[in-house]
Amino acid sequence: MTASATKPARQAALPLMYGGAALTVLATLFVFIDRAGLAGHIHAGYPAYGPAEVDAAVTAYTVILSVVGALGLLGWLGTVWAVRGGRGWARWPASGMFAIALCVAVAGVTTQDINGQVGLAPLLGWLQFLPLLPGLAAVVLLWRRAA
């Protein structure tokens with residue numbers, strides 16, 4: 001019995017990892033698709049904001065979520081590279097990426113703005129959890145030992 005994931009487990013994890021990468025791209029693109037929803041959320045929380053202030057806040061959130069999405073995609077691709085290469089240490093960065101993504105997603109739905117409301121529009125916050133589903137399954141597979 002080896003300490004690393006078995007080859008079938010690694011191979012089974014790869015489609016999940018590609019799916020997680022696709023969901024990361026989807027969640028990131030949704031920020032651009034639903035700019036009006038984000039603007040409405042910001043305006044509801046700050047009714048005194050004029051169009052320029054709302055637009056600046058929407059732009060800030062768009063940039064932040066785009067960077068988070070790009071870093072997430074790089075994490076997926078790097079982990080896929082390690083798993084495809086059969087590197088036994090691949091499960092460690094996969095686990096680390098999962099933990100970081102979980103923290104980012106939790107922060108997205110719980111961090112309050114100065115007005116006392118959650119800063120990020122709820123739909124955009126909850127979309128950050130989508131890539132975690134295949135990510136968790138992939139991490140579990142990568143930690144499987146030969147039976």
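Student: Leaving aside neighbours within four places in sequence, which residues is Ala138 in contact with?

Tutor: This is a predicted model: local features need pLDDT of at least 70, side-chain atom pairs count only at pLDDT 80 or more, and totals for chains, interfaces and linings use all residues. Numbering runs from 1 along each chain as its sequence is written, and side-chain values use heavy atoms, with hydrogens and water left out. Contact means heavy atoms within 4.5 Å. Beyond its neighbours within four places in sequence, Ala138 is in contact with Ala13, Leu16 and Met17.

Student: In which helix is the place of Ala138?

Tutor: Helices (H or I, at least four residues) and strands (E, at least two) are DSSP runs, numbered from the N terminus. The run that covers residues 132-143 holds Ala138, and that is helix H6.

Student: Does Ala138 count as buried or exposed?

Tutor: Buried means under 20% relative accessible area, exposed over 50%, and partly exposed in between (1.4 Å probe, protein chains only). Ala138 has 3% relative accessibility, so Ala138 counts as buried.

Student: What separates the C-alpha atoms of Ala138 and Arg10?

Tutor: Along the chain, Ala138 and Arg10 are 128 residues apart.

Student: What pattern does the protein chain follow along the sequence?

Tutor: The secondary structure comes to six helices and zero strands. Read along the sequence, the pattern is α-α-α-α-α-α.

Student: At what angle do H1 and H3 pack?

Tutor: Two packed helices are described by the angle between their axes and the distance between the axes. Axes are lines fitted to C-alpha atoms, for helices over the stretch in contact, and angles run from 0 to 180 degrees between N-to-C directions. H1 covers residues 7-33 and H3 covers residues 51-84. Their axes are 9 Å apart, at an angle of about 165°.

Student: How are H1 and H3 therefore placed to each other?

Tutor: Angles under 35 degrees count as roughly parallel, over 145 as roughly antiparallel, 65 to 115 as roughly perpendicular and the rest as oblique. The angle here is about 165°. H1 and H3 are therefore roughly antiparallel.

Student: How many nonpolar residues has the contact of H1 with H3?

Tutor: Among the residues that meet are Leu14 and Met17 in H1, and Leu65 and Trp76 in H3. Ala, Val, Leu, Ile, Met, Phe, Trp, Tyr, Cys and Pro count as nonpolar, Asp, Glu, Lys and Arg as charged, and the others, Gly among them, as polar. The contact of H1 with H3 has eight polar residues, two charged, and nonpolar ones numbering 13.

Student: How are H4 and H6 therefore placed to each other?

Tutor: H4 covers residues 91-110. H4 and H6 pack with axes 10 Å apart and an angle of about 155°. H4 and H6 are therefore roughly antiparallel.

Student: Which word describes H2 and H3 to each other?

Tutor: H2 covers residues 35-45. H2 and H3 pack with axes 9 Å apart, at about 120°. H2 and H3 are therefore oblique.
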